[in-house]
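Visitor: Could you walk me through how to read this assembly, one feature at a time? I would like the general idea and then the case at hand.

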Number of protein chains: 4
Amino acid sequence: MPTTPDTPALHSQTFRLSYADTDPAGILYYAAWFPWMERMQSEWFFLNGLRQDQLSERHGFWSVTCHTECDYLVPVGLFDEIRIELRLGRVGRGSFDMLHHMVRTSDGVLVAKALITVVTVTPDGSATAIPPILQRHLDSWADGAALEQVADHA
Amino acid sequence: MPTTPDTPALHSQTFRLSYADTDPAGILYYAAWFPWMERMQSEWFFLNGLRQDQLSERHGFWSVTCHTECDYLVPVGLFDEIRIELRLGRVGRGSFDMLHHMVRTSDGVLVAKALITVVTVTPDGSATAIPPILQRHLDSWADGAALEQVADHA
Amino acid sequence: MPTTPDTPALHSQTFRLSYADTDPAGILYYAAWFPWMERMQSEWFFLNGLRQDQLSERHGFWSVTCHTECDYLVPVGLFDEIRIELRLGRVGRGSFDMLHHMVRTSDGVLVAKALITVVTVTPDGSATAIPPILQRHLDSWADGAALEQVADHA
Amino acid sequence: MPTTPDTPALHSQTFRLSYADTDPAGILYYAAWFPWMERMQSEWFFLNGLRQDQLSERHGFWSVTCHTECDYLVPVGLFDEIRIELRLGRVGRGSFDMLHHMVRTSDGVLVAKALITVVTVTPDGSATAIPPILQRHLDSWADGAALEQVADHA
């Protein structure tokens with residue numbers, strides 16, 4: 001069975017699949033993972049002092065999603081409990097990947113994995129190298145920890 | 001069987017219920033109507049020159065949803081084609097109702113009806129009487145027509 | 001400021017409003033509460049041994065949503081943390097209301113309240129009186145507690 | 001500017017981005033494309049006599065989404081009108097890709113492109129070669145046309 005990486009997750013959220021997440025086939029609606037991914041990732045940036053809606057004003061850059069993809073590994077259905085885990089993936093000069101693993105809590109099986117590629121842009125929308133303030137966070141996240149201890153939010 | 005009002009609709013949109021709209025019971029997911037309602041109503045305001053995101057800047061007021069409700073009359077399911085129709089309902093001093101009727105196109109049966117109550121507020125968020133620019137539109141909509149002919153958008 | 005009822009909630013869930021829940025006005029997208037309501041209410045029925053997708057097979061009836069409504073009391077926006085609380089409302093012969101209160105956790109203010117009316121029907125879809133198995137649960141919920149202690153699920 | 005392929009689309013749908021599709025940044029919510037993709041693709045299979053919820057019973061196999069990905073090329077926002085176009089991509093022995101292009105109708109610019117990879121499985125969930133009934137459709141779609149003329153549904 002597919003398994004999750006050995007490195008600890010930066011952040012996670014646990015929820016039970018409900019009617020909103022499943023379809024007439026009784027299994028996960030394929031698009032349902034994406035809002036959960038955004039929700040966890042946005043909260044992670046928020047908890048690290050990087051509110052995406054204030055990045056431009058406070059730090060002079062925007063982060064923009066330029067690519068996302070998801071692999072569906074094991075079927076899951078109504079009322080299955082899922083833990084979604086966040087890790088940092090590849091970091092480039094002007095972009096980085098956030099990795100998302102969806103784990104069924106009843107048996108620890110990895111049921112889906114996904115990534116979101118984020119690029120940094122200037123306020124007028126041009127690509128730009130990852131700014132130092134963000135690079136320091138990414139360096140820390142690559143080691144599996146927040147730059148500063150963030151509050152523990154369920 | 002439930003039927004729609006005799007007055008013509010101000011605006012309508014037709015779509016086929018898909019996996020996103022239905023649930024493991026094979027029938028409409030109860031929350032699915034609301035985004036369709038917002039979509040049609042926002043487009044109607046847009047087509048009438050009342051872009052909600054520019055009302056404050058252009059006309060000095062905001063419109064805010066303060067109440068919504070929906071009655072589910074007849075079960076519908078995957079791949080049923082639905083026409084959602086918009087009409088003006090009750091108009092008060094500082095609020096008005098937009099009425100939404102969901103009709104199954106195969107037999108014209110009214111499958112759900114709903115309303116959205118909108119209040120007008122000043123830019124700082126205080127309740128205010130419906131401004132004249134909006135009142136003129138509402139008077140026209142009460143007669144079942146746009147104030148000026150709007151472009152025909154499918 | 002609006003406040004929640006004094007009776008304890010039967011069930012609750014806490015989450016942070018994210019991009020999926022908010023719109024270009026920077027405030028809650030009006031339709032966003034409904035999936036959260038369904039999610040909590042479905043989990044409550046599940047935790048009480050009343051899986052909605054197995055009611056017919058196991059107990060000989062279906063529960064169907066026939067009405068829902070929501071009042072938006074206080075504006076909330078991106079990253080606000082919300083606790084949604086579930087209580088039993090009016091109980092009739094063949095229907096009952098589940099009450100939902102949305103509370104901003106930072107100050108305990110009630111920001112929205114809503115209800116979902118559920119009717120009980122026979123497997124062929126005819127209205128039927130609330131069956132005894134469900135009535136026993138409702139009697140217990142009216143007192144603010146589960147019929148039997150349910151497992152504690154975050 | 002990015003452009004769409006020269007081959008005609010098999011199917012398309014046109015809609016205006018609304019509050020449900022956009023976020024507090026005023027631009028498309030990254031997860032919004034996926035339900036639109038599913039909606040168009042499911043309708044295409046339905047119009048071709050391949051209702052996904054009846055494939056097993058009628059034809060002895062299931063189609064399952066195993067991968068999806070999306071590239072965001074050009075920012076779009078509230079009230080932009082979008083045409084989403086469907087084409088067949090790579091066809092393998094037991095899987096195929098459906099390609100989705102999102103085009104801004106005001107200027108014909110390709111604003112996003114995506115794909116959904118579908119695998120065919122036996123009713124018990126094992127991978128299986130694409131069955132002949134489906135292969136005939138895919139051969140036809142590769143030439144840019146339906147196997148038989150389907151009804152014209154807006």
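Visitor: How many residues of chain A are in contact with chain D?

Guide: Two residues are in contact if their C-beta atoms, placed from the backbone, lie within 7 Å. By that rule, 16 residues of chain A are in contact with 16 residues of chain D. This is a predicted model, in which local features need pLDDT of at least 70 and side-chain atom pairs count only at pLDDT 80 or more, while totals for chains, interfaces and linings use all residues. Residues are numbered from 1 along each chain as its sequence is written, and chains are lettered from A and ligands numbered from 1 in the order in which they are written.

Visitor: Which elements supply the side of chain A that touches chain D?

Guide: Helices (H or I, at least four residues) and strands (E, at least two) are DSSP runs, numbered from the N terminus. On the side of chain A that touches chain D, α1 (33-47) and β2 (62-72) of chain A each supply at least two residues. Strand β2(A) gives the most, with eight residues.

Visitor: What relates chain A to chain D?

Guide: Copies are superposed by least squares on the C-alpha atoms of residues with pLDDT of at least 70 in both. Chain A can be laid on chain D by a turn of 180° and a shift of 0.0 Å along the axis, with an RMSD of 0.0 Å. That is the relation of a two-fold axis. Glu69(A) is the residue of chain A that comes closest to the rotation axis, its C-alpha being at 2.0 Å. The copies meet through the same surface, because 100% of the interface residues of chain A are also interface residues in chain D.

Visitor: And how many residues of chain D are in contact with chain B?

Guide: Here 16 residues of chain D are in contact with 16 residues of chain B. The elements of chain D that give two or more residues to this side are β1 (11-16) and α1 (33-47). Helix α1(D) gives the most, with six residues. The residues on this side of chain D divide into seven nonpolar, three polar and six charged. Chain D can be laid on chain B by a turn of 180° with a shift of 0.0 Å along the axis, at an RMSD of 0.0 Å. The same surface serves both copies, as 100% of the contact residues of chain D recur in chain B.

Visitor: How many residues of α1(B) are buried?

Guide: A residue is buried if 20 or more other C-beta atoms lie within 10 Å of its own, exposed if 12 or fewer, and partly exposed in between. In α1(B), 12 of the 15 residues are buried, so this helix is largely enclosed by the rest of the structure. Among them are Trp33(B), Met37(B), Arg39(B) and Trp44(B). After α1(B) comes Gly49(B), with a positive phi near 75°.

Visitor: Which residues have the most contacts inside the largest nonpolar core?

Guide: A nonpolar core is a set of buried Ala, Val, Leu, Ile, Met, Phe, Trp, Tyr and Cys residues joined through C-beta atoms within 7 Å. The largest has 76 residues, and those with the most contacts inside it are Ala31(A), Trp33(A), Met37(A), Ala31(D), Trp33(D) and Met37(D). A second, separate core of 74 residues includes Val76(B), Leu88(B), Trp44(C) and Leu115(C).

Visitor: Which residues of α3(A) are buried, and which are exposed?

Guide: In helix α3 (residues 132-142) of chain A, the buried residues are Leu134(A), His137(A) and Trp141(A). They fall within an arc of 60° seen down the helix axis, so they line one face of the helix; the arc is that of the directions from the helix axis to the C-beta atoms. Pro132(A), Arg136(A) and Asp139(A) are exposed on the other side. The cover over the buried residues includes β3 (81-91) and β5 (109-121) of chain A. Just after α3(A), Gly144(A) takes a positive phi of about 85°.

Methods:
Nonpolar A, V, L, I, M, F, W, Y, C, P; charged D, E, K, R; others polar.
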